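I opened a new model today and kept notes as I went. Here is what I looked up, entry by entry.

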Amino acid sequence: TVPVSPLSRVKILDTPTGFLRVRAKPDKNSPEIGRVSPGETFPLLGTTADWYQIELETIATDSGRQGWVSSHYAQKI
């Protein structure tokens, strides 16, 4: 995981399903811990090759308030 500036944010882009799954780890087979909607923005905590780690401001999850989204459906802003 590569750390990023504390001011960096991620915007969720349009998806075929109308939502984007938030995963516990940066892997498409990792458990889904939440869902976010296109147009929403979240603080960016870290990155890997194809994933962004975000802080979930509006989703309460059992595993905490962090999760991973695919960089194919999100962009740094």
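I started with Gln53: is this residue buried or exposed? In this predicted model, Gln53 has a relative accessible area of 13%. Buried means under 20%, so I noted Gln53 as buried.

Next I checked where Gln53 sits. I found Gln53 in strand E6, which covers residues 51-55. Its side chain makes a polar contact with the side chain of Gln66, at 3.1 Å.

Then I asked which residue is the bridge partner of Gly46 in E6. I found that Gly46 pairs with Gln53. I followed that bridge back to the neighbouring strand. E5 and E6 run antiparallel, with three bridges between them. The two strands form a hairpin, and three residues lie between them.

I stayed with E5, residues 41-47. How many of its seven residues are buried? I noted five, so this strand is mostly covered. E5 also pairs with E2 (residues 9-12), again in the antiparallel sense and over three bridges. One of the links I looked up joins Val10 to its bridge partner Phe42 in E5.

I placed Gln75 in strand E8, residues 74-76. I then looked at Tyr52: 23 residues separate it from Gln75 in sequence, and the C-alpha to C-alpha distance is 8.8 Å.

Definitions and conventions: Residues numbered from 1 in each chain as written. Predicted model: local features only at pLDDT ≥ 70, side-chain atom pairs only at ≥ 80, totals over all residues. Heavy atoms only, no water. Helix = DSSP H or I, 4+ residues; strand = E, 2+ residues; numbered from the N terminus. Buried < 20%, exposed > 50% of the residue type's maximum accessible area, 1.4 Å probe, protein only. Polar contact = N/O pair within 3.5 Å; in protein donor to acceptor, adjacent residues only side chain to side chain. Pairing = 2+ DSSP bridges.
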